[in-house]
Amino acid sequence: YVPNDIGLKENAARTLEYCYADFCMLKFAEALGKDDQITKVFENRSLNYKNLFYPKYGLMAGKDSNGNFRADFNPFTWGGDFTEGCSWHYTWSVFHDPVGLANLMGGVRPFRQKLDSVFILPPVFEESNYGIVIHEMREMQIVNFGQYAHGNQPIQHMIHLYNWTDQPWKAQYWSREVMSKLYKPTPDGYCGDEDNGQTSAWYVFSALGFYPTCPVMNEYTIGSPLFKKLEISMPNGNILSINAQDNNSENVYINEVRLNKKEHQKNFFTQAQLKEGGEIEFHMIDKPNKNRNLTSDSYPYSFSVK
């Protein structure tokens, strides 16, 4: 991990993002057929996120060179060990290993309860590291989605982590809530800054009904489609049709998914499936289907699952 006492700012954010970068390098090395001597280096580095997990809080926190957490750690403090956010935002930055993160928290249920807490907590912040209230703090406060700060990018994938739990329908609910309430065609209808198109890209993918939570794995976790029908023309000439039966502002939950007429019992689609074209059918209802895709065999990829 990157210590917080070596004159380098935002050390916890760096550590977590480096872990994902090293995982991407691992996949690249594997694709090139590199031997274990090389791949093991990146494999080990991709698990360094575990070094920052603070069991007392069940969250990520910065450490000094001696392995000590801050005595004055406050999970609502922005900046310092993090970048334009706090521990509640960066704890979820384990894109490649949600199951590993869940295991640190005690399993699927505590993991899901911690996800729930993001929306339940008040939108409070502690700004002493900046000395002022930066606009990202105020945006989180104004949208009033608890600690879910969609106006800033680090937490935008967090909704989709419900796809690794026993309540994947919450990814459907919160995807639609964010799309309907935080994106509007009005002067104040944008919930935060853009930063290279990510906030718009989140909306475009989410409107399709899926999102690349861990892009390097070529998987798209399922949310809640916004439209009743659309078509995507793939670069290879194939056409993907997406049909969401009975879709409206009340029917935000998925009762069933069919991929080319066959029931789809995963909480994700693969890049290969989408490129092949064909038809995705979402059957939408107004109450969550609490019996669908609840077990680990429906989960997307996670590095800790061999």
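I take two strands as paired if DSSP finds at least two bridges between them, and I take helices (H or I, at least four residues) and strands (E, at least two) as DSSP runs, numbered from the N terminus. I am working on a predicted model, in which local features need pLDDT of at least 70 and side-chain atom pairs count only at pLDDT 80 or more, while totals for chains, interfaces and linings use all residues. Residues are numbered from 1 along each chain as its sequence is written, and side-chain values use heavy atoms, with hydrogens and water left out.

**Entry: strand β4**

I looked up the partners of β4 and found that strand β3 (residues 210-211) pairs with β4 in the antiparallel sense over two bridges, with Y211 having T221 of β4 as its bridge partner. Strand β9 (residues 268-270) also pairs with β4 in the antiparallel sense, over three bridges, and there E219 has T270 in β9 as its bridge partner. I then asked which residues of β4 lie on each face. In a regular strand the side chains alternate between the two faces of the sheet. In β4 (residues 219-222), E219 and T221 are on one side and Y220 and I222 on the other, and all are buried, where buried means under 20% relative accessible area, exposed over 50% and partly exposed in between (1.4 Å probe, protein chains only).

**Entry: N163**

I placed N163 in the loop between α6 (135-143) and α7 (169-182), and I note that N163 counts as buried because its relative accessibility is 2%. Leaving aside residues up to four places away in sequence, N163 touches T221 and I222, and also P168, A171, N267, Y299 and P300, contact being heavy atoms within 4.5 Å. From N163 to R112 I read 9.8 Å, C-alpha to C-alpha, although the two are 51 residues apart in sequence.

**Entry: the five-stranded sheet**

I traced an open sheet of five strands in the order β5-β6-β10-β7-β8, with mixed pairing; its edge strands, β5 (229-233) and β8 (262-263), each pair on one side only. Within this sheet I followed β6 (residues 239-245) and β10 (residues 278-285), which run parallel and are joined by six bridges, and L240 stands opposite G278 in β10.

**Entry: L32**

Is L32 buried or exposed? I found L32 in the loop between α1 (11-31) and α2 (36-45), and L32 counts as exposed because its relative accessibility is 52%.
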